[in-house]
Amino acid sequence: MPNATGPDLSGASGAAMTDSYTFGIEEEYFLVDAETKLVLRRMPEAFFKAAEAATDGRISREFLQAQVEVITSPHANTADARAELRELRQIVAAVAAEHGLAILAAGTHPTALWTTSVQTEKERYDAVMDDLQMVGRRDMLCGMHVHVEVPDPDRRIDVMCRMIPFLPLFLALSTSSPFWQSRRTGLKGYRLAAYDELPRSGVPPLFRTNEEFDAYVAALVRAGVINDSSYIWWAIRPSLNHPTLELRAPDCCTLVEDSIAIAALYRSLVRHLFLNPACNAAIDVVGRAIAVENKWRAQRYGVSGTFVTEAGAVTVGEMLDRAIAETAADAEALGCTEEIRRCRAIVGAGTSADAQLAVFDAHKNGAGDADALRAVTDWIASATLQ
């Protein structure tokens, strides 16, 4: 369950920092028993306090006690972001090991049962659970959120609207949730199938101006439905507390390099759309409906499927190539060309979901699903720290 946290970009208000499209990454992990790799019901308080101290506060509790979230500092340099994200994973994993625990970076835990989930005690979470009921308990899901600072925060709604056609691409590249409650779902990204049960989730409406967005939020606040815009959980949203546009569609990537590649592509697209107001300016209800269909296709097929365009079907690789070509100058300006090329490797080799399914199939061999699923969780735990 997303909360109101995010990379602290309050110190990045000067023109030089703003024009650098400073970005930060949040990742949610499952907390598991180190030996069995089974998800915990309750988080040991001693673990969290130790992890909080070891990370200098760059970790937070999540909606359910089986999850934790790490939060990077804001970065203008992609290499620095990669180093910090890898360091955070290693620090949290090391602290977890001292308590007989481990972390798994994936959109779903292959064998976790949502019926055993326990909510984290927090006033905000109490209110959310009271509203969501069973839907909230089913939120045994982990995502990756990427914040990018927009030079003019008042244009974030405009950029968000024109980013809609790209949302399925980010999801396809990140898919890491092919299993749910010990069952093979048939989807590469099951996480959003469950997450979209939440209200105010999915592809955002076609708001084009701050006034439209603010009017929507104000109506919900006046009606007592939400307290503020942090209770809006779309696949992309303007941050309430920071001058950023927050991408929320991706599953948590198992590999750090995949997280960085997707973050770099998103950052470049934010810059491109900000500097080119005509790009996707004509998006209408048809364009949004196509994006919704493509989001489903990303969930179902990951990088192996096709996307819908008004001209016909295109492969995920073809859509990626177009996005890379469009943002080549932006990637060069931001110094992240090499990181974005990693996205092509993801399409070629497959996502975490593809790797998990391959491990599952390799260990099935006449044995029961339990042994194959155990091999999958062992792989996730190992790959999380690569």
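This is a predicted model: local features need pLDDT of at least 70, side-chain atom pairs count only at pLDDT 80 or more; totals for chains, interfaces and linings use all residues.
Residues are numbered from 1 along each chain as its sequence is written, and side-chain values use heavy atoms, with hydrogens and water left out.

In total, 23 salt bridges turn up, each one a side-chain nitrogen of Lys or Arg within 4 Å of a carboxyl oxygen of Asp or Glu. One of them pairs Arg 89 with Glu 27 at 2.9 Å, N to O. Arg 89 belongs to helix 3 (residues 78–98) and Glu 27 to strand 1 (residues 23–33), so this contact ties together parts 62 residues apart in sequence. Helices (H or I, at least four residues) and strands (E, at least two) are DSSP runs, numbered from the N terminus. Both Arg 89 and Glu 27 are buried, that is, under 20% relative accessible area, with exposed meaning over 50% and partly exposed in between (1.4 Å probe, protein chains only).

Asp 196 and Lys 295 also meet, at 2.3 Å, N to O. Here the loop between helix 8 (191–195) and strand 8 (201–202) supplies Asp 196, while Lys 295 comes from helix 11 (residues 285–301), 99 residues apart. Asp 196 is partly exposed at 28% relative accessibility, whereas Lys 295 is buried at 10%.

Then there is Asp 321 with Arg 344, at 2.8 Å, N to O. This pair links helix 12 (residues 316–326) to helix 14 (residues 337–349). Asp 321 is partly exposed at 36%, and so is Arg 344 at 39%. Elsewhere, shared partners join Arg 82, Arg 86, Glu 257 and Glu 339 into one salt-bridge network.
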